[in-house]
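Here is a short report on one protein model. Please look over the sequence and the structure before reading on.

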Amino acid sequence: MNRYRLLTLAAVLWSSALYAQPADTLHIAVELRSQTELMKSADTRTRVDALHRVWNLALEAPDSENKIRAIRMIVDPVNSSSDQIRMPAVFALAEIANSSKDPAVKIVAIHALRGPIGSGQVPIRDVAIDAINNITANARKSEIALAAVILLHEPLESSNNGVRIPAINATVNAIVGSDNSAAAEQAIQYLLDGPMAAQAAIGGMELRMMAIHAIERIGMDSADSRVKTKAMVALEAGATRGSFEPEAKQRAKEAATRIQSALQ
């Protein structure tokens, strides 16, 4: 009988522990759902209040499901055409992503930045690029590097150096330390096809030097010989490209030589 009672007590305690956490997550889920329509309100005060409620609920949430639910709700204000609406929403996405160690939460947040990244306005694009920097700096990069690199492809192709130079820097930040060869190779290709191939007269040298530096950093950081070889070949192509300034050609040549030495 005593043994039976002990087993019963253990079962009760186990059940209490099991259901204590879901009660919290359920409460947050209900609160989030209550803000769904308010997030889409045409009234600015209502919409802003809802955003900050969802933001705080997501930070309090102990589970990934509620954080992802909040991120998906915030996509609406993130895609607003108004900076005073979308900029705080971008900051919210980055903070929510960094409140979790789950790469799935971070990847959903990165994907949610697609709207501002592709916007026609430089300020919000730079804010979104900085958010990607923020997210990749607070994560196991190996699991999210490729998602970040793919999203940064569009700004790397921009004709505005105020967008593509920050995008180059963010691409390097996403890759270095990630030990993700697929992401590193993709990043080198994007840099080769975009900034390295740009024909810009004004700011062209600055852009090319940044791209050369980025490819060198990625090549030197990787332990994969395929990544190093791809980086070296890309830099050697730059060293002989007719549109490159003599200084850029020399810089590319030196970077290629450095990577080649690391391969030996």
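Leaving aside its neighbours within four places in sequence, which residues is Leu113 in contact with? They are Val90, Leu93, Ala128, Ala131, Ile132, Ile135 and Leu151. Contact means heavy atoms within 4.5 Å.

## Basis of the model

This is a predicted model: local features need pLDDT of at least 70, side-chain atom pairs count only at pLDDT 80 or more, and totals for chains, interfaces and linings use all residues. Residues are numbered from 1 along each chain as its sequence is written, and side-chain values use heavy atoms, with hydrogens and water left out.

## Overall form

The protein has 13 helices and 0 strands. Helices (H or I, at least four residues) and strands (E, at least two) are DSSP runs, numbered from the N terminus. The radius of gyration is 23 Å, well over the 18 Å that the globule rule gives for 264 residues, so the protein is more spread out than a compact globule. That radius is taken over C-alpha atoms, and the rule is 2.2 Å times the number of residues to the power 0.38. The C-alpha trace spans about 85 × 55 × 15 Å along its principal axes.

## Core

Buried residues make up 46% of the 264 residues. Buried means under 20% relative accessible area, exposed over 50%, partly exposed in between (1.4 Å probe, protein chains only). The largest nonpolar core has 79 residues. Such a core is a set of buried Ala, Val, Leu, Ile, Met, Phe, Trp, Tyr and Cys residues joined through side-chain atoms within 4.5 Å. Ile74 and Leu113 have the most contacts inside it.

## Helix H8 and its cover

Helix H8 covers residues 141-156. Its buried residues include Lys141, Val149, Leu151, Leu152 and Leu156. What covers the buried residues of H8 includes helices H5 (103-112), H6 (114-117), H7, H9 (161-175) and H10 (181-193).

Thr171 lies in helix H9. Thr171 counts as buried because its relative accessibility is 1%. Beyond its neighbours within four places in sequence, Thr171 is in contact with Val149, Leu152, Leu156 and Ala187. Thr171 and Ile188 are 17 residues apart in sequence and 9.4 Å apart in space, C-alpha to C-alpha.

## Arg125

Arg125 sits in helix H7 (residues 122-137). Is Arg125 buried or exposed? At 9% relative accessibility, Arg125 counts as buried. Leaving aside its neighbours within four places in sequence, its contacts include Pro116, Ile117, Glu154, Pro155 and Val163.
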